[in-house]
Amino acid sequence: MSVASADKHLTTEWVAASRLPEPAFPTTTQALAAYREGGPSFSRYGWSATAA
């Protein structure tokens, strides 16, 4: 956690990637799942495939 944003968080702790606290941001959950499975390093998860 950055000192500059310390007032934006209640707590900071290390947790296992397989045991994220709930609720977790969907993008974080998806990115960690892809990393564990050897997936892509880039994803459009949550974004449309075409630019507006």
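Analyst: Let's sort out the classes first: Ala, Val, Leu, Ile, Met, Phe, Trp, Tyr, Cys and Pro count as nonpolar, Asp, Glu, Lys and Arg as charged, and the others, Gly among them, as polar. On that scheme, the lining of the largest pocket has seven nonpolar, three polar and one charged residues. This is a predicted model, where local features need pLDDT of at least 70 and side-chain atom pairs count only at pLDDT 80 or more, while totals for chains, interfaces and linings use all residues. Residues are numbered from 1 along each chain as its sequence is written, and side-chain values use heavy atoms, with hydrogens and water left out.

The lining residues are Thr11, Thr12, Glu13, Trp14, Val15, Leu20, Pro21, Pro23, Ala24, Phe25 and Thr28. A pocket here is an open set of points on a 1 Å grid over the protein atoms alone, where a 1.4 Å probe fits, with protein on both sides within 12 Å along at least five of seven lines; lining residues have an atom within 4 Å of a point. About 410 Å³ of space lies in this one, counted as the space filled by probe spheres set on the points, which are joined across faces, edges and corners.

Now for Pro23, one of the lining residues. Pro23 belongs to the segment before helix H1 (26-36), a helix being a DSSP run of H or I with at least four residues, numbered from the N terminus.

Key:
Helix = DSSP H or I, 4+ residues; strand = E, 2+ residues; numbered from the N terminus.
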